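Colleague: I would like to learn how to read strands, helices and chain contacts in a model such as this one. Could we go through it feature by feature?

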Amino acid sequence: MAEINCPLCGKANPDDFEVCQYCQARLKPLLAPDSAEENSLPQDETGVEEPTSPAAAEIPEWLQELRQDEDSLELEPERSSDELAADISEATGDAGSIPTGTPDWIYEVEQETQRDFDHIEPPPPSPAEPGPEPAALPDWLESIRLGLHGTPGLASSQATEPVESTGPLAGLRGVLAADALISRSRGPATRPAKLRVSANQLVHIDLLRELVESEGKSQPLPQKPSISSEHILRWGIALAVCLAVVWSIIFPGQPAALPAFQEETAELNRLIEQLPDGGQVLVAFDYEPGEFAELDAAASAVIDHLMIQGAYLTLVSTTPLGPVLAERFIEELQPVHHYTAGVQYVNLGYIPGGTASLVMLTGNMPRALPYTIEGLAAWGSESQPVLPPLQGIQNVGDYDLVMVLVDDPDVARAWVEQVEPFISSSSPQGSLGMVISAQLEPIIRPYYDANPRQIHGFVAGLRGGASYARLNGREELVRSYWDSFGVGLFMAVLLMLVAGLMYSTYPLLTRPSKSDSEVKG
Amino acid sequence: MGNYPGSLGWGSPETGWCSVKFPFSVAVAIGIGLITLAGYFLNIPVLQTLRMALIEWATTLAAVALLVGIANLFTIHWNKLTSGKVGGLYSAILIVSLVLTLGVVGWFGPTHTYSKWIFNNVQLPVEGSLLALLAIILVVAGVRLLRLRSNMLSIIFIITAMVILLATGPLFGISVPGLTELRSWIAQVPAMAGARGLLLGIGLGIVAAGLRVLIGSDRPYRG
Amino acid sequence: MNFPELMGLAFVGLFLGLMLGSAFYYRNRPAPFVRQIPAFGRVRRAIGLAVEAGSRLHLSLGRGNLISTRSAVAFVGLSILDRIARSAAASDRPPVATSGESTLAILSQDTLHDASKFMGADYDPLRGQLTGLTPFSYAAGAASLIHDEATGASLLLGSFGSEVALITEAGDRTESLTLAGTDNLTGQAVLYATAQEPLIGEETYAGGAYMGAGGMHQASLIAQDIFRWVIILALLVGAVLKLVGVL
């Protein structure tokens with residue numbers, strides 16, 4: 001078998017090998033297709049011809065693509081440089097005076113170079129002095145010159161070239177003229193007049209042009225829909241709950257029974273029942289105006305019971321608006337008892353400092369809260385005796401019962417932790433009771449369940465107030481809330497249930513089935 | 001266990017360890033804090049008296065701060081009104097209401113009919129409306145919770161809320177057996193246990209924050 | 001001094017010792033954390049995005065009275081406000097703070113003023129606002145501020161009750177990130193359902209440590225975590241002893 005030496009490593013290889021078995025270098029050159037085969041091959045959509053040589057199959061893919069690109073450059077319809085320049089100037093918005101076919105940066109360099117040379121003036125003509133004699137060449141030398149440049153045309157052209165008349169080269173013909181070179185203006189470099197651009201590049205040019213044009217334009221922000229699904233959801237829920245409540249008020253059905261009393265409610269009831277005649281009770285109105293509906297309804301029956309027992313009430317508050325709420329409560333919710341300020345009850349107003357100053361109630365109350373809300377000296381003066389509800393009172397431990405109406409867990413805790421230990425240690429009969437917002441029940445209950453109890457009885461929310469009202473038969477205020485309260489709660493539960501089921505099952509329903517995902521995969 | 005890429009130091013991150021400046025205000029704050037704390041634990045008459053006196057000062061200052069807060073509220077809305085910012089109309093309403101209420105209550109007293117009228121017919125309805133709005137918002141939040149966080153905890157949260165709500169109201173007079181008992185159990189066992197756990201954690205946080213202030217590491221007051 | 005008072009004093013002393021010891025030990029080395037709270041990472045990112053986008057950051061400090069137990073969480077909020085104010089001082093629209101308690105409003109202004117001075121930025125006193133003195137008026141004021149200022153992120157760190165839902169709702173409507181933590185149990189339940197990033201339990205108190213508010217924040221967090229595990233163990237031991245009839 002014949003052998004062929006590798007052009008790279010020089011080792012011998014069988015001649016039918018395309019590449020060297022040692023260094024993988026190509027042993028045979030790639031053959032170009034002949035014209036006949038070229039004409040017979042089909043063209044692809046872009047007009048680019050497929051490679052036709054047998055060796056083409058071995059050309060790497062990246063190289064083939066490169067060649068295709070090069071071919072397409074030649075095969076694409078040509079656009080003149082003027083057209084392209086017009087495109088660019090249109091895209092940049094600059095219809096400047098750059099010569100067509102010349103990139104602007106080259107043009108600028110040329111202009112600068114031109115300016116550099118423009119200020120160089122040609123040397124002044126030398127004074128007319130007799131030059132040297134033209135060199136006389138011997139015949140033999142002349143014949144050699146003719147032998148070297150024996151072309152008649154060339155000889156004739158040389159004959160037209162000027163003879164140097166000055167300097168050390170005087171008398172020689174065809175000397176390069178330095179000043180002429182310097183002063184000659186440099187025109188644009190000669191380049192192909194037409195730039196070949198592929199369709200792909202045209203697309204990119206258009207894209208670039210659009211980008212450049214859109215750069216200076218302000219883009220409008222996507223408009224949010226004025227009514228979104230979230231709005232519909234919110235309004236729908238609000239309407240459903242409100243309509244349900246209003247419906248139950250306008251068209252009341254059979255009134256539902258008030259709930260049975262709980263142990264803690266009954267315990268509070270017992271504490272009030274056991275109050276001595278003319279017992280003194282400190283009532284703290286520690287809730288915010290926003291919670292008045294729930295706390296008024298919950299506490300109504302309790303305060304009513306206290307008044308029935310003829311208790312003297314001292315009203316205080318750790319919130320700035322509490323004293324006003326207290327006044328309102330006594331005057332508007334319990335008018336039947338005709339309690340009079342300064343006689344059956346006294347409003348000592350706001351305890352400055354809030355819960356931090358609760359500890360002051362365990363010290364000297366006359367000093368901490370010297371005046372009533374009307375500005376009277378609550379603890380007596382030279383002209384006025386101590387008001388009846390405050391007789392014999394010096395601190396919070398002197399009260400028969402401390403009742404706190406509260407909607408805030410921190411405030412409730414402050415009463416339990418700061419005041420209750422003092423009450424318990426001061427008097428065995430002293431007790432702390434509470435009327436709380438329903439949200440506080442998990443926080444307050446541990447104090448009731450503790451041994452010994454830190455809260456001796458409480459009423460929690462509208463439900464607790466309803467059960468207390470059922471105990472002492474004063475159901476008016478609670479009854480007005482109870483049925484519509486139930487309807488509202490039911491509607492809320494219904495909405496949450498429906499939404500919960502929807503959000504739980506919707507992803508399962510919309511999840512693509514296994515067969516679908518397999519097909520797509 | 002993750003690591004926080006930093007080293008510890010006293011004071012702010014900029015000051016670093018042992019480069020704390022103790023101005024006079026810090027010394028006063030630390031001193032008063034220590035006296036109050038010691039007065040709480042130690043049954044020494046001098047400390048008790050000092051502690052009570054300091055608390056009285058604090059309550060007086062808090063009352064004064066309330067006035068400063070009102071002044072701040074007024075200033076903010078006055079500037080908003082005069083600078084023509086968005087919501088200037090609401091600021092004008094607030095300023096007029098504030099001045100009017102201050103005038104009426106200051107002149108006639110808090111228990112006068114006019115003062116009560118303002119409270120009963122302006123303050124209470126506005127606050128009550130906001131609570132009603134809050135109720136709607138909470139129902140919306142309950143409806144959207146599973147979309148926001150679709151996990152087991154959220155499902156338990158929603159189911160618990162529904163049970164409590166159903167058992168709290170009259171439910172059209174229908175008595176569902178065991179529902180009231182279930183509500184009581186939830187309120188007294190899991191809810192209470194969770195609340196106690198959270199309160200323990202919060203208590204530790206309160207101690208930590210208080211001690212930081214006490215040793216002058218945290219200075220919400222600048223001096 | 002009776003036994004509970006003695007125990008209380010011992011607890012405070014031990015806690016303080018642990019804090020100082022941790023601060024000293026970890027002053028030059030990375031401090032270990034028992035757990036990671038991803039919400040704070042997202043907040044840091046939100047701060048960066050807000051500064052880049054030129055949107056406003058809002059921090060609400062709640063209604064914590066400084067002379068009550070609520071002050072602790074308010075102090076945490078103020079520490080984080082200080083960090084945020086310094087981080088976003090270069091922003092076109094520096095952070096704004098709202099509160100529902102007058103002393104807290106004054107302190108928030110002081111904190112913002114100090115941070116601006118430190119960073120050499122301008123200070124506007126209106127950036128520390130008292131939006132209301134009752135829970136609902138405060139929440140309504142803060143909610144309207146979120147809407148008017150088109151805030152990029154809202155951090156609610158303070159003492160909030162159920163009224164916090166009004167604020168988170170405003171954040172939801174403006175499609176801004178809402179991270180919220182409170183010491184109030186009712187507020188926490190509400191935040192779980194309404195906030196995008198709720199902080200549960202004592203996570204709120206860890207905020208300073210995770211936001212880089214100072215070494216002592218990290219030291220106190222270490223002490224908190226150690227004591228947490230001590231309490232858990234004590235509860236378990238107590239339950240077992242009760243079960244076997246020893247207690």
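**Reading strands, crossovers and interfaces**

Modeller: Ser99(C) has Leu130(C) as its bridge partner in E4(C). This is a predicted model, in which local features need pLDDT of at least 70 and side-chain atom pairs count only at pLDDT 80 or more, while totals for chains, interfaces and linings use all residues. Residues are numbered from 1 along each chain as its sequence is written, and chains are lettered from A and ligands numbered from 1 in the order in which they are written.

Colleague: In what sense, parallel or antiparallel, do strand E3 and E4 of chain C run, and how many bridges join them?

Modeller: In general, strands of a sheet pair through backbone hydrogen bonds, either parallel or antiparallel. Here helices (H or I, at least four residues) and strands (E, at least two) are DSSP runs numbered from the N terminus, and two strands pair if DSSP finds at least two bridges between them. Strand E3 (residues 96–99) of chain C and E4(C) run parallel and are joined by three bridges.

Colleague: In what order do the six strands of the open sheet in chain C lie?

Modeller: The order is E4-E3-E2-E5-E6-E7, with parallel pairing. Strand E4 (128–130) and strand E7 (197–199) of chain C are the edge strands, each pairing on one side only.

Colleague: Which strands does helix H4 of chain C touch where it packs on the sheet?

Modeller: Two residues are in contact if their C-beta atoms, placed from the backbone, lie within 7 Å, and angles run from 0 to 180 degrees between N-to-C directions, the axes being lines fitted to C-alpha atoms, for helices over the stretch in contact. Helix H4 (residues 102–119) of chain C touches strand E2 (56–62), E3 and E4 of that chain, and its direction makes about 170° with that of E4(C). Helix H6 (residues 164–173) of chain C lies across E2, strand E5 (151–159) and strand E6 (177–182), running at about 165° to E6(C).

Colleague: Turning to chain A, how many residues of strand E9 are buried?

Modeller: A residue is buried if 20 or more other C-beta atoms, placed from the backbone, lie within 10 Å of its own, exposed if 12 or fewer, and partly exposed in between. By that rule, six of the six residues of strand E9 (residues 431–436) of chain A are buried, with Ser431(A), Gly433(A) and Val435(A) on one side and Leu432(A), Met434(A) and Ile436(A) on the other.

Colleague: What hand does the crossover from E8(A) to E9(A) have?

Modeller: A crossover is right-handed if, with the strands pointing away from the viewer, the path from the first strand over the helix to the second runs clockwise. Strand E8 (residues 401–406) of chain A pairs with E9(A) in the parallel sense over six bridges, and the β-α-β crossover between them, through helix H15 (residues 409–426), is right-handed. E9(A), helix H16 (residues 441–449) and E10(A) likewise make a right-handed β-α-β unit.

Colleague: How many residues of chain B are in contact with chain A, and which element gives the largest share?

Modeller: The contact involves 45 residues of chain B and 50 residues of chain A, and H4(B) gives the largest share of the chain B side, 16 residues.

Colleague: And how many residues does each chain give where chain B meets chain C?

Modeller: Chain B gives 59 residues and chain C gives 73 residues, with H7(B) supplying the largest share of the chain B side, 15 residues.
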